[in-house]
Amino acid sequence: MSTPLLNSKSIAYGILRALLIIGGVFVLLWFIWKIQSVLLYIGIAAVISLIGRPIVVFLRDRLKFHNTLAVIITIFFILLILAGVTYMIIPIMLEQGENLSRIDIEEVKGNLEVLNIEISEYFGIKRVNIFERIQGLEYVQNFDVELIPQFVNGIFGTLGNIMIGLFSVIFIAFFLLKDSRLLVEGVLVFSKKGTEGQFLRAFNKIKKLLSRYFIGLVLQVFVLFILYSIILLIVGVENALIIAFFCALLNLIPYLGPAIGSILMMGFVISDNLGADFTHTILPKLVIVAIGYSIVQLIDNFINQPLIFGKSVKSHPLEIFIIILIAGLLFGIIGLVLAIPTYTALKVISKEFLSEYKIVQKLTRNL
């Protein structure tokens with residue numbers, strides 16, 4: 001008679017334990033959702049620390065700087081770069097805002113209509129009434145002018161959040177650079193007794209690979225910025241440097257970013273030459289930009305990326321393409337950006353803890 005009673009108690013205990021686990025998981029997910037901004041700050045600070053680590057090591061070990069001083073100089077150097085980019089962007093944004101306030105809508109409409117006619121005649125296609133198409137869009141029909149002040153207020157609110165976020169990121173990055181053991185100790189918290197060595201090896205390997213990867217991305221953006229600037233300066237586009245910088249940053253989004261960048265460049269070429277003759281002025285400049293952009297992408301795809309992805313994360317190009325494709329389908333643009341570093345970390349962890357499986361041995365043979 002006691003056996004059924006014991007079984008019922010065991011079942012009830014199992015159900016209660018399962019419910020508590022499910023409840024705990026939901027509470028944990030809710031907590032993570034609530035502190036997502038803090039996690040984002042820590043993530044960005046970790047990336048900055050990975051990029052700045054070689055500078056700190058160079059200053060400390062080669063030039064014999066004190067560790068704290070080396071970290072301060074590194075943080076100052078990073079802030080100097082951010083200040084330089086901001087100094088380059090803000091005046092141009094203010095200038096463009098002033099230009100927009102003085103823009104003659106009717107003149108722009110007339111120039112666009114002339115351009116539309118010239119394109120239609122040049123390519124022998126049926127002319128499309130651009131303005132009727134735009135006015136027919138549901139978004140345009142439902143646009144509320146009162147949203148503009150709200151949008152402006154939202155920008156100022158966002159700027160305030162950015163300043164708070166910047167201070168938080170720099171503060172966290174400083175201590176991650178100053179005391180590299182902080183991240184290590186944070187990782188070892190999740191290890192079981194006796195597996196600390198495996199966790200430590202995996203962490204050091206991930207740190208080394210991702211440090212090289214992010215430094216490679218910085219170099220990639222710099223090279224693309226120089227090449228894009230040359231193209232835009234050749235065709236005489238206004239604010240060529242800032243446009244080149246944004247297009248170079250867009251390249252951080254695999255496959256989708258370069259496509260958006262090309263459209264952005266073409267759009268600025270057309271907008272800067274509205275009212276000019278399409279055949280003799282706009283079309284030649286578009287051809288130059290298209291050819292130049294294609295050459296830069298070939299350089300990036302066959303020189304920059306193999307050096308960055310192949311040597312830093314040690315993965316085959318086809319392997320990387322499939323991972324980026326899957327991450328993009330599952331998580332959108334964020335997935336595209338985080339696919340490679342996340343996959344690299346998972347490969348290192350798998351090699352350390354799941355090396356008995358053949359698929360893991362195959363994927364991690366170069367690590």
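Leucine 29 is placed in helix α1 of the predicted model, where helices (H or I, at least four residues) and strands (E, at least two) are DSSP runs numbered from the N terminus. At 51% relative accessibility, leucine 29 counts as exposed, the classes being buried under 20% relative accessible area, exposed over 50% and partly exposed in between (1.4 Å probe, protein chains only). The model is predicted, and local features need pLDDT of at least 70, side-chain atom pairs count only at pLDDT 80 or more, and totals for chains, interfaces and linings use all residues. Residues are numbered from 1 along each chain as its sequence is written, and side-chain values use heavy atoms, with hydrogens and water left out.

Leucine 29 belongs to a nonpolar surface patch that also includes Ile21, Val25, Leu28, Trp30, Phe31, Ile32, Val38, Leu39 and Ile42, with about 920 Å² of accessible area together. Patches consist of residues with over 30% relative accessible area and no salt bridge, like charges being joined within 9 Å and nonpolar side chains (Val, Leu, Ile, Met, Phe, Trp, Tyr) within 5 Å; a salt bridge is a side-chain nitrogen of Lys or Arg within 4 Å of a carboxyl oxygen of Asp or Glu. Accessible areas come from the Shrake-Rupley method with a 1.4 Å probe, and for residues only the protein chains shown count as cover. Helices α1 (2–34) and α2 (36–62) each supply at least two residues of the patch, and α1 gives the most, with 7 residues.

An unreviewed UniProt entry lists transmembrane regions, among them residues 12–33 and 39–59; such annotations may be inferred rather than shown by experiment. Residues 12–33 are 100% helix and 0% strand, with end C-alpha atoms 31 Å apart. The span 39–59 is likewise 100% helix and 0% strand, and its end C-alpha atoms lie 29 Å apart.

Aspartate 300, in helix α12 (residues 278–312), counts as buried at 0% relative accessibility. Beyond residues up to four places away in sequence, aspartate 300 touches Gln220, Leu224, Asn251, Gln305 and Pro306, contact meaning heavy atoms within 4.5 Å. Leucine 224 is 76 residues away from aspartate 300 in sequence, yet the C-alpha atoms are 7.8 Å apart. The side chains of aspartate 300 and glutamine 220 are joined by a polar contact of 2.9 Å (a pair of N or O atoms within 3.5 Å; within protein, one must be able to donate a hydrogen and the other to accept it, and residues adjacent in sequence count only if both atoms are side-chain atoms).

Glutamate 319 lies in helix α13 (residues 317–353) and is buried, with a relative accessible area of 17%. Its contacts, leaving aside neighbours within four places in sequence, are Tyr343, Lys347 and Leu363.
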